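Dear colleague,

Please find below the structure that I am handing over to you, followed by an account of what was found in it.

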Amino acid sequence: MNRAAWHLRANAPAVFWLLALVVVVLFHRNIAVSGWLMVHLLLLGAVTNSILVWSWHFAQALLRGPNPGNRGMAARLIGLNVAVTLVVVSMILNVWVLTLIGSIGVGLAVAAHAVVLGLRARKALPSRFGPTVWYYVAACLLLPVGAGVGAALASGVSGEAHVRLLLVHLVVNVLGFVGLTVLGTLMTLLPTMLRTRVADGAEAVARHGAVPLLSGVLLTAAGAAAGVMFLCSVGLAIYLGGVIYICVPLAKVVRSKQPTTFAPLSAIAGLLWLLVSLVWLLAPTFTAGSWEALQRGIESVVPVLAAGFAAQVLGAALTYLVPVVLGGGPAVLKHRTAILDKAGWFRVVLANAALVVSLLPVPSLVRVGTTFLVFGALAWFLPLLGLALFSKAPAVPKGTPKAQPDKPSAAEPRSARAAAAPTAAYDPAPRRRLGQGATALAVVVLVIVAGIIADPQSMPGFAGVVQQPAAAATGQTTTVEMTMKNMRFHPDKVDVPVGDKLVINLVNEDNMVHDLVTAMGAESGRLYPGEKATIDAGVIGADVAGWCSVVGHKQQGMVFSIVATGGAAAAPPAAPGESMPGETMPGGSMPGMDHGGNSGEPAAFDFMKEPGAEFTAHDAVLPPLPSGTVHEVAIKVTEEEREVAPGVTQRLWLFNGTAPGPTLRGKVGDKFKITLSNDGSMGHSIDFHAGALAPDEPMRTINPGESLTYNFTATRAGIWLYHCSTMPMSQHIANGMFGAVVIDPPNLPKVEKEYVLIQSELYAGGQGGVADLAKIQAEKPDAVVFNGYANQYKFRPLPAKAGERVRIWVLDAGPNRASSFHVVGGQFDTVWSEGRYLIDGSDPAAGAQVLPLAPGQGGFVELAFPEAGNYPFVSHSMLDAERGASGVFQIAK
């Protein structure tokens with residue numbers, strides 16, 4: 001097999017794992033995955049394969065002596081990818097044994113690679129940059145340790161032990177395995193990309209640079225393993241020093257030959273993100289008071305290391321090296337290089353500008369949009385690679401003189417001479433480069449503007465402003481330290497002398513997103529847990545009210561007051577549930593607007609009105625019982641405007657895009673693994689009544705962009721409610737965040753038809769708004785409905801045939817109203833409620849007319865309709881039946 005064919009096959013697995021990552025990102029709504037799977041597809045799948053392939057390539061180029069064949073390398077790659085596949089499958093199926101076997105396989109394959117490289121390096125003759133190979137050996141010896149720690153993490157370790165193992169896993173695998181390899185390689189590869197000399201002194205740096213890097217990794221890992229955070233700080237600082245030491249000669253190279261093409265630009269950007277990530281990770285080791293507090297810092301830096309550092313360096317290396325190793329002559333190489341460099345400046349600027357914005361305290365929609373820009377810019381390489389591989393180079397006209405390869409300087413390492421392109425790299429004109437960069441920045445700005453327009457209440461300055469009485473400024477400043485925790489401001493009262501300027505240093509110590517706004521218009525913007533802001537509240541001339549404007553938080557008591565001392569009071573402290581001037585109400589409204597966030601148009605219910613011809617009712621058919629005993633379910637939180645009655649829309653908070661959310665089904669003893677991800681603009685959570693477990697972790701509120709895994713075993717039969725438990729819980733439920741889990745009782749007889757009806761209430765804000773918390777607290781619903789839409793089954797009846805047995809599962813989701821389920825013209829011969837049969841069907845003289853349920857209760861009834869006709873069903877609380885809680889069974893002969 002020739003060199004080009006071998007490299008095509010060797011690099012195929014890395015490309016495969018990148019394509020798998022693209023599929024997961026694009027279609028993960030239907031796959032039970034988390035962000036950790038995406039990280040492992042990139043780092044364990046694509047990056048690990050590339051490290052093995054290219055460390056082998058550079059070892060052959062750097063070491064003097066006979067080169068061994070590729071047969072052993074091919075065997076190692078096969079073993080590695082079988083093991084990686086097991087790990088990925090185990091993450092999807094949550095089978096720890098597969099994780100363990102896969103981790104062992106990954107460790108063995110990479111350790112074998114380290115042994116082969118080490119033996120090859122020992123036998124080689126001395127060479128200038130031969131010591132670089134020992135970077136690869138050390139890196140590959142670290143990965144088996146990291147793989148073992150990863151298997152331990154997957155076993156379900158929690159608390160402090162989980163955070164410490166997570167830090168070891170991150171440091172050993174990313175900073176050790178990936179970092180050592182990248183930094184060792186770029187010592188010679190970056191000058192080669194720039195087609196310039198290696199900087200003076202680089203040889204000495206290459207010999208000694210591995211020492212601080214390896215020492216830093218080992219010391220940090222040891223500190224985490226021993227539970228000594230100070231050692232972690234020292235280790236990370238040493239590693240950071242090692243990176244800076246290696247970057248000094250690289251900076252000299254860049255200064256002598258400025259990068260103009262994609263490969264060196266992307267590699268340099270990756271190095272800069274590595275430095276940023278190290279500082280980002282180092283800082284919380286000094287400031288975090290506990291290992292649990294350090295966890296958020298670790299989890300927040302992982303995407304930066306993956307997308308900013310590893311992905312950009314991988315794209316740079318493949319962009320430069322693939323055309324070189326495939327060969328084909330100067331014309332073909334130039335053609336392929338030009339293709340892979342297409343829109344190079346645009347891609348680099350887009351990826352890095354969008355990544356910067358996504359890390360800032362921006363609205364969640366802006367964060368989601370810029371994250372997809374980062375992904376798109378990085379993934380752009382894949383179609384270009386396909387185009388470069390399969391397109392033909394343009395024919396060279398006869399008589400055209402052959403291009404002469406540039407002669408590399410004698411000072412260049414042999415690897416540079418081996419890999420250097422025989423023709424100058426494609427270099428877009430300066431004006432074109434600037435145009436690409438400006439276009440990329442414009443795209444990022446457009447996404448920011450679109451996100452702000454879609455979620456204006458999350459930005460400072462959205463709330464209205466109340467003018468204060470004029471006060472002579474004293475020139476003095478009152479500075480207040482304030483925290484947000486447990487849905488409260490601490491302190492919740494601030495005394496400020498009249499005429500002083502007030503500055504608030506605000507820290508969010510809660511586990512959910514909050515903000516601070518004042519009636520004067522000062523705002524902090526949304527703050528995620530651990531984030532800080534400084535708010536200039538202006539010169540205080542009278543008392544001022546303040547609150548958190550996240551939906552429902554003010555009504556839960558998250559208010560504070562600024563008291564002007566030595567002057568007249570102007571605005572009383574905000575009381576929970578009370579609208580203050582300038583307040584952002586649920587749905588983003590302000591006083592003068594209704595609670596739906598529009599110009600005041602009320603939601604007008606007409607219970608006699610028929611929905612449009614395009615209306616499709618919520619599917620009330622009970623899903624079939626799934627096979628197996630372990631059920632993986634991905635649930636995504638979104639916020640979407642939906643019709644809830646003919647002509648009435650509300651901005652609902654949804655589980656998987658529907659209200660109610662998806663109905664889950666299983667048997668007693670089945671295990672459920674729920675992956676909840678939050679694509680909304682505020683904190684949400686989930687509480688499954690079907691499982692019995694401590695609520696602290698699985699039912700915790702997760703912020704926008706976060707996810708959690710909720711595992712439970714169904715130990716008892718019935719129809720069980722699940723709902724969002726984030727406060728105010730009543731508003732989250734009323735705004736659509738509920739659903740059902742049906743666990744079949746043992747030996748449940750089969751019937752011809754099974755339906756699920758979930759009763760809930762609508763407390764409408766204005767047209768297009770969210771549920772009105774004041775109405776909820778006053779228990780004044782606008783409508784009571786089955787399956788989220790008023791009277792939908794009156795106009796889209798549920799079918800059955802005369803004589804068929806029909807089982808109707810009924811659940812009262814509330815949040816406040818009880819249900820009394822009744823079928824007009826029917827009698828129930830079987831009634832199951834809250835875990836037991838009230839009537840089991842054995843006595844032909846026994847029957848029931850209603851199934852009474854309090855909020856949160858559920859059960860089922862069975863009946864056979866005696867003849868064809870239309871049989872209305874209602875909640876026999878007739879007021880509720882008349883405001884939407886009704887439907888029809890349409891019975892055929």
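This is a predicted model: local features need pLDDT of at least 70, side-chain atom pairs count only at pLDDT 80 or more; totals for chains, interfaces and linings use all residues.

The strands around Y722

Y722 lies in strand β15, which covers residues 718-723. This strand is mostly covered, with five of its six residues buried. β15 pairs with β13 in the antiparallel sense over two bridges, and the bridge partner of F688 in β15 is Y722. β15 is also joined to β16 by six bridges, and these two strands run antiparallel. Within β16, Y722 has G739 as its bridge partner.

Aromatic contacts of F688

The bridge partners F688 and Y722 also meet through their side chains. Their ring centres are 4.9 Å apart and their planes lie at 35°, so the pair is tilted. Because F688 belongs to strand β13 and Y722 to strand β15, the pair ties together parts that are 34 residues apart in sequence. F688, at 0% relative accessibility, counts as buried.

The structure holds 24 aromatic pairs. Another that involves F688 is its edge-to-face pair with Y710, at 5.1 Å centre to centre and with 75° between the planes. F688 lies in β13 (residues 687-688) and Y710 in strand β14 (residues 707-713), so this contact ties together parts that are 22 residues apart in sequence. Both F688 and Y710 are buried.

Elsewhere, ring pairs link Y755, F786, Y793, F821, F828, F865, Y871, F873 and F889 into a cluster.

Charges over rings

Two arginines are placed over aromatic rings. The charged end of R347 sits over the ring of F262, at 4.0 Å from its centre. R76 lies over the face of W56, at 5.3 Å from the ring centre.

Helix α11

Helix α11 spans residues 291-326, and its 36 residues should span 52 Å at 1.5 Å a residue; the end C-alpha atoms are 48 Å apart, which agrees. The helix has a kink of about 30°, centred on L305. Of its 36 residues, 29 are buried, so α11 is largely enclosed by the rest of the structure. Just after the helix, G327 takes a positive phi of about 65°.

The hairpin of β9 and β10

Strand β9 (residues 630-645) pairs with β10 in the antiparallel sense over eight bridges. In β10, V648 is the bridge partner of A645. Two residues lie between the strands of this hairpin, in which G647 has a positive phi near 85°. Strand β10 (residues 648-655) is mostly covered, since seven of its eight residues are buried.

Backbone points to inspect

Most residues other than glycine have a negative phi, and most peptide bonds are trans. The following sites may therefore be read against that background.

- N747 has a phi near 60°, a positive value in a residue other than glycine. N747 lies in the loop between β16 (738-744) and β17 (753-762), and is exposed, with a relative accessible area of 77%.
- N791 has a positive phi of about 55° although it is not a glycine. N791 is located in the loop between β18 (783-786) and α20 (792-795). In contrast to the exposed N747, N791 is buried, with a relative accessible area of 3%.
- H490 and P491 are joined by a cis peptide bond, with omega at about 0°. P491 lies in the loop between β2 (488-490) and β3 (493-497).
- G814 and P815 are also linked by a cis peptide bond, here with omega near 20°. P815 is found in the loop between β20 (805-814) and β21 (819-823).

With kind regards

Key. Residues are numbered from 1 along each chain as its sequence is written. Side-chain values use heavy atoms; hydrogens and water are left out. Rings of Phe, Tyr and Trp (its six-membered ring) pair if their centres lie within 6.5 Å; planes under 30 degrees apart count as stacked, over 60 as edge-to-face and the rest as tilted. Helices (H or I, at least four residues) and strands (E, at least two) are DSSP runs, numbered from the N terminus. Buried means under 20% relative accessible area, exposed over 50%, partly exposed in between (1.4 Å probe, protein chains only). A charge sits over a ring if NZ of Lys or CZ of Arg is within 6 Å of the ring centre and within 35 degrees of the ring normal. The expected span of a helix is 1.5 Å times one less than its number of residues. The bend at a residue is the angle between axes fitted to the seven residues ending there and the seven starting there. Two strands pair if DSSP finds at least two bridges between them.
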